[in-house]
Amino acid sequence: MTLNKKLTGTFYGIGVGPGDPELLTVKAINALKKIDVLIAPKTEKKSDSVALSIAQPYLKSDVEIIYQTFPMIKDFAEETEIFEANKEEILNELRGGKNVGFATLGDPMFYSTYIYIFRLLKSCGVKIETIAGVPAFLAIAAQIGRPLAFGNDILTIIPATADLDAIKNALDRADSTVLMKVYKNFPEVVDELKVCGMIDEAILVSRCGLDDEKIITDVAAHKNETLNYLSTILTRRNHD
Ligand SMILES: C[S@@+](CC[C@H](N)C(=O)[O-])C[C@H]1O[C@@H](n2cnc3c(N)ncnc32)[C@H](O)[C@@H]1O
């Protein structure tokens, strides 16, 4: 299905940064100011949208906010119904000539739900503008004063939800590592970091830039704690 672009609004994928209200780009703020409808993504478990709370101060007073639930998925093909329904809801707004924004935490093209909806809308011929945002791992590096990569360092970014063997292989090759989505198998991740000699340099940051931000330097000691979904570990191999 294609849309007549002349009659439709623009779809904006807006990266709002990881939480710090000052870490939105000027471009993101300008887009938030002009949209008529904001899609606020949330997962099944949570009733609030962190991305919406970051975006809120910049929205027009009469903006329409539509909450859309997105499942945390492993296999996109298994969850097509809910994504199709969300896509249709967005298309309806665009067909009415409205500009629709989709607020996304951090950067939209980096491990984001936005990517699924972006692909679906692109295949319908929608006019799309994606606006880069500050990804969480870069905000975290700055916040804790930890250079992420320099010289010939190989920086590896690992979603901790990946297969454990794949995580082990990636850790073995890395000089500097970002571990995303560590909430799910945190104890296993801690064990792997011990084995590959990267536990002592590990720093875990939860909810970076938000009011309840947490920075943990003795990561191994917290192995059995339940982590917030917004938790990331930075670590590196000690070459000394
Ligand atoms: C679905 S990914 C989204 C990544 C996001 N698009 C970005 O650019 O950072 C969710 C993961 O990002 C990381 N994350 C996002 N915001 C964070 C924050 N404020 N503090 C710590 N980690 C965060 C966590 O690892 C979380 O599990």
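These questions and answers cover the domains, the ligand shell and a sheet of a predicted model. Residues are numbered from 1 along each chain as its sequence is written. Local features need pLDDT of at least 70, side-chain atom pairs count only at pLDDT 80 or more, and totals for chains, interfaces and linings use all residues.

Trainee: What separates the centres of domain 1 and domain 2?
Mentor: The protein chain is assigned domain 1 (5–131) and domain 2 (136–236). These bounds come from an automatic or database domain assignment. Over C-alpha atoms, the separation of the two centres is 27 Å.

Trainee: How many residues of domain 2 does domain 1 contact?
Mentor: Contact means C-beta atoms, placed from the backbone, within 7 Å. Domain 1 brings seven residues, and domain 2 brings eight.

Trainee: Which strands each supply at least two residues of the shell around the ligand?
Mentor: The ligand has 22 residues around it, with Cys 208 among the closest. A residue counts as near if its C-beta atom, placed from the backbone, lies within 6 Å. Strands are DSSP runs (E, at least two residues), numbered from the N terminus. The two strands are β8 (203–206) and β10 (231–236).

Trainee: Which are the edge strands of the five-stranded open sheet?
Mentor: Strands pair if DSSP finds at least two bridges between them. The order is β3-β2-β4-β1-β5, with parallel pairing. Strands that pair on one side only are β3 (64–69) and β5 (128–131).

Trainee: Which residue in β4 stands opposite Tyr 12?
Mentor: Strands β1 (residues 11–15) and β4 (residues 100–104) run parallel, joined by five bridges. Opposite Tyr 12 stands Gly 101.

Terms used
Helices (H or I, at least four residues) and strands (E, at least two) are DSSP runs, numbered from the N terminus. Two residues are in contact if their C-beta atoms, placed from the backbone, lie within 7 Å.
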